[in-house]
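Here is a protein to walk through, step by step. Keep the sequence and the 3D view side by side as you read.

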Amino acid sequence: MQIDFHLGVTYVLARLSGFSPFEANTIASSSQYVDDAVNTGTIFFSNQSAYQFTASAHRMLDYRNYRELANHNVWIPFHFIPGNQVHENSADTNVQRLICRPNSAIAQEVTKQCIKEFQRPYGYHLLGVTTHAFVDTWAHQGFAGITHEVNKVSEIYDDEGAVDQEMMDYRKKYYRRNLFQIIKDKIASAFVGETSPVGHGTVLSYPDLPYLKWAYRDWQGQLIQRDNPRDYISAAQAVLQFYRELRQAHDLPIIKVQDRDLEKIQELLAQFDCEEGEERLHLWQQAILSGAFSFGTDVWKYSVEGNDSWLREAFEFECLDDFEFQNVTYKPSFLRSNWKMMHDALLYYRFNVLHEVLPKFEICVA
């Protein structure tokens with residue numbers, strides 16, 4: 001999924017569930033931040049304090065990424081929660097279990113862990129991170145967050161069942177255009193994206209477009225039909241149930257979601273058919289401002305960098321590129337900053353999924 005769902009729709013779902021505008025903004029911003037946290041490192045403060053932060057995405061969401069350790073630490077926990085399903089007579093059951101499936105038992109266990117830990121200082125940030133990974137199980141179903149042939153796709157079809165030649169041609173140009181960089185990076189197998197892709201690299205952004213109906217032939221030659229609008233509204237309904245269970249567990253008021261709000265979400269998911277996620281996000285903002293939903297006409301703020309960013313709030317820097325990671329001025333407010341709590345949530349979430357949840361299902365990728 002892209003920014004329109006992770007930020008825009010998540011905000012709507014949080015507000016419909018009874019969270020305040022401030023709380024919903026924190027949840028939705030944290031959800032989107034998962035895709036924007038592409039840097040990792042250690043900050044050393046002038047008072048001898050230090051803080052190590054982590055990435056939850058690769059720069060530009062490069063689906064050609066081939067580093068297995070990065071796959072295990074980033075793609076699997078944050079974007080491709082394993083579905084743990086095995087087909088009979090499967091040649092590689094361990095790999096099969098890593099394929100992402102919508103609302104899988106593992107994904108549900110991840111949400112239960114979030115509910116259990118919601119009262120941590122970074123609880124709202126953790127809720128956003130968990131929401132991101134949870135809804136991605138619908139968009140990323142059928143693909144795995146590892147570099148493996150299970151992610152191969154031979155043909156892609158449009159909503160009328162014809163081979164999507166434009167997409168097939170674009171995909172070839174995409175990998176050809178990046179061939180020089182692949183060689184430069186000394187990747188052993190030159191077209192890594194075609195031969196052993198990570199995630200849904202061979203179909204590029206098709207799973208992430210909420211309005212799209214399409215199909216493809218998977219690595220076994222089976223025809224897989226995809227109805228993104230149907231999957232996305234299913235994800236939205238599951239998030240509402242997740243939020244309801246969380247609020248009930250922590251004695252927060254329960255709000256009944258009105259049918260007209262759900263119908264409006266379903267309508268807009270199919271209606272907003274701009275290819276760029278930022279454009280669709282703007283349409284969601286306009287829908288809220290026009291009073292499309294029962295909670296009113298909110299305005300949210302989100303910026304990964306710049307004057308309004310959590311980075312600026314924590315360090316008075318507007319861009320990580322401006323950072324000198326040594327001798328940074330320490331402010332006591334850093335411990336309560338959104339940027340720090342966001343990275344606390346990322347670190348906790350990753351550890352919990354890799355070291356607590358997945359081992360319960362006898363999956364080891366840590």
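**A walk through the fold**

Start with a glycine: G128 is buried, because its relative accessible area is 0%. Buried here means under 20%. Bear in mind that the model is predicted. G128 is found in helix α6. Which residues does G128 touch, leaving aside those up to four places away in sequence? They are I27, S30 and S31. A345 is 217 residues away in sequence, yet the two C-alpha atoms are 9.1 Å apart in space.

Stay with helix α6, which spans residues 123-139. Its packing partner here is α1. The segment α1 covers residues 3-16. Two packed helices are described by the angle between their axes and the distance between the axes. The axes of α1 and α6 come within 11 Å and cross at roughly 110 degrees. That angle makes α1 roughly perpendicular to α6. Angles of 65 to 115 degrees fall in that class. On the α1 side, the meeting residues are F5, H6 and T10. On the α6 side, they are T131, H132, V135 and D136.

Now step back to the start of the chain. Q2 sits in the segment before α1. What does Q2 touch, apart from residues up to four places away in sequence? The list is Q32, S205, D208, L209, E275, G277 and R280.

Next comes helix α2, residues 21-36. It packs with α14. Their axes come within 11 Å and cross at roughly 60 degrees. At that angle, α2 and α14 are therefore oblique to each other. The crossing of α2 and α14 is right-handed. From α2, the residues T26, S30, Y33 and V34 take part. From α14, they meet N338, W339, M342, H343 and L346. Two of these names link to other parts of the tour. S30 is also among the residues that G128 touches.

Nonpolar side chains tend to be buried together in soluble globular proteins. In this model, the largest nonpolar core has 89 residues. Which members touch the most other members? They are I265 and W339. Helix α14, residues 338-360, gives the most to this core, with 11 residues. A second, separate core holds 15 residues, including F80, F143, L204 and L212. Look again at W339.

Another helix pair is worth a look. Helix α5 covers residues 105-116, and helix α10 covers residues 228-249. The two pack at an angle of about 30 degrees, with their axes 9 Å apart. Angles under 35 degrees count as roughly parallel, and α5 and α10 are therefore roughly parallel to each other. Their crossing is right-handed. T111, C114 and I115 of α5 make the contact with F242, E245, L246 and A249 of α10.

Phi of N327 is near 60 degrees, a positive value in a residue other than glycine. N327 lies in the loop between α13 and α14. Is N327 buried or exposed? N327 counts as exposed, because its relative accessibility is 59%. E362 also has a phi near 60 degrees, again positive in a residue other than glycine. E362 lies in the segment after α14. With a relative accessible area of 68%, E362 is exposed.

Finish with the whole chain. How many helices and strands does it have? The protein chain has 14 helices and five strands. Of its 366 residues, 54% count as buried. The chain exposes about 16900 Å², and carbon and sulfur atoms supply 47% of that area. Among contacts with a separation of 6 or more, residues 24 or more positions apart account for 66%.

Technical notes:
Residues are numbered from 1 along each chain as its sequence is written. This is a predicted model: local features need pLDDT of at least 70, side-chain atom pairs count only at pLDDT 80 or more; totals for chains, interfaces and linings use all residues. Side-chain values use heavy atoms; hydrogens and water are left out. A nonpolar core is a set of buried Ala, Val, Leu, Ile, Met, Phe, Trp, Tyr and Cys residues joined through side-chain atoms within 4.5 Å. Buried means under 20% relative accessible area, exposed over 50%, partly exposed in between (1.4 Å probe, protein chains only). Helices (H or I, at least four residues) and strands (E, at least two) are DSSP runs, numbered from the N terminus. Contact means heavy atoms within 4.5 Å. Accessible areas come from the Shrake-Rupley method with a 1.4 Å probe; for residues, only the protein chains shown count as cover. Axes are lines fitted to C-alpha atoms, for helices over the stretch in contact, and angles run from 0 to 180 degrees between N-to-C directions. Angles under 35 degrees count as roughly parallel, over 145 as roughly antiparallel, 65 to 115 as roughly perpendicular and the rest as oblique. A crossing is left-handed if the near helix is turned anticlockwise from the far one by less than a right angle, and right-handed if clockwise.
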